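Here are my notes on the model you passed along. Have a look at it first, then read on.

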Amino acid sequence: ITQTYHPTGGKTVRSQFDDLMMSSTFGVPLWTYIYRYTDKDGNIMPIPQSYEERSRQPSDHFPVVVIIDIKNLIKE
């Protein structure tokens, strides 16, 4: 998942909310992952199960990280 929503008095909703779209002329994705927030000791924080847990993280969205091969953009 990349997003959690915690309605008042309702069940937590987990979803794949974020996307990355790019033109093939920009580069080729080599590797992607969803970054999970870490605590002050560097431990990965669990996916929030409540609003209180979510409020301890910087956002209700998790960043999507992509490594891109841009060799085709470099002119020799």
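The points below go from the overall layout down to a few residues.

1. Keep in mind that this is a predicted model.

2. On burial, 18% of the 76 residues count as buried. The chain exposes about 6,000 Å², and 56% of that comes from carbon and sulfur atoms. As for contacts with a separation of 6 or more, 64% of them link residues 24 or more positions apart.

3. Have a look at the surface around Leu20. A nonpolar patch there is made up of Leu20, Met22, Phe26, Val64, Ile70, Leu73 and Ile74, which together have about 610 Å² of accessible area. Leu20 itself sits in the loop between strand 2 (13-15) and strand 3 (28-34). Its relative accessible area is 51%, and the cut-off for exposed is over 50%, so Leu20 counts as exposed.

4. Now the start of the chain. Ile1 lies in the segment before strand 1 (3-5) and is partly exposed, at 27% relative accessibility. Beyond residues up to four places away in sequence, Ile1 touches Arg14, Ser15, Gln16, Ile34, Arg36, Ile47 and Phe62. Its C-alpha atom is also 7.6 Å from that of Phe17, a residue 16 positions along the chain.

5. Arg54 is one I'd check by eye. This residue belongs to helix 1 (residues 51-54), and it is buried yet has no salt bridge. What is the nearest side chain of opposite charge? That would be Asp60, 5.3 Å away, while a salt bridge needs the charged atoms within 4 Å.

6. Last, Asp69 in strand 4 (residues 64-69). Is Asp69 buried or partly exposed? Partly exposed, at 22% relative accessibility, where buried would mean under 20%. Its contacts, not counting residues up to four places away in sequence, are Gly27, Val28 and Leu30. Gly27 is 42 residues from Asp69 along the chain, with 5.4 Å between the two C-alpha atoms.

Methods:
Residues are numbered from 1 along each chain as its sequence is written. This is a predicted model: local features need pLDDT of at least 70, side-chain atom pairs count only at pLDDT 80 or more; totals for chains, interfaces and linings use all residues. Side-chain values use heavy atoms; hydrogens and water are left out. Patches are made of residues with over 30% relative accessible area and no salt bridge: like charges are joined within 9 Å, nonpolar side chains (Val, Leu, Ile, Met, Phe, Trp, Tyr) within 5 Å. Accessible areas come from the Shrake-Rupley method with a 1.4 Å probe; for residues, only the protein chains shown count as cover. Helices (H or I, at least four residues) and strands (E, at least two) are DSSP runs, numbered from the N terminus. Buried means under 20% relative accessible area, exposed over 50%, partly exposed in between (1.4 Å probe, protein chains only). Contact means heavy atoms within 4.5 Å. Lys and Arg count as positive and Asp and Glu as negative; His and the chain ends are not counted.
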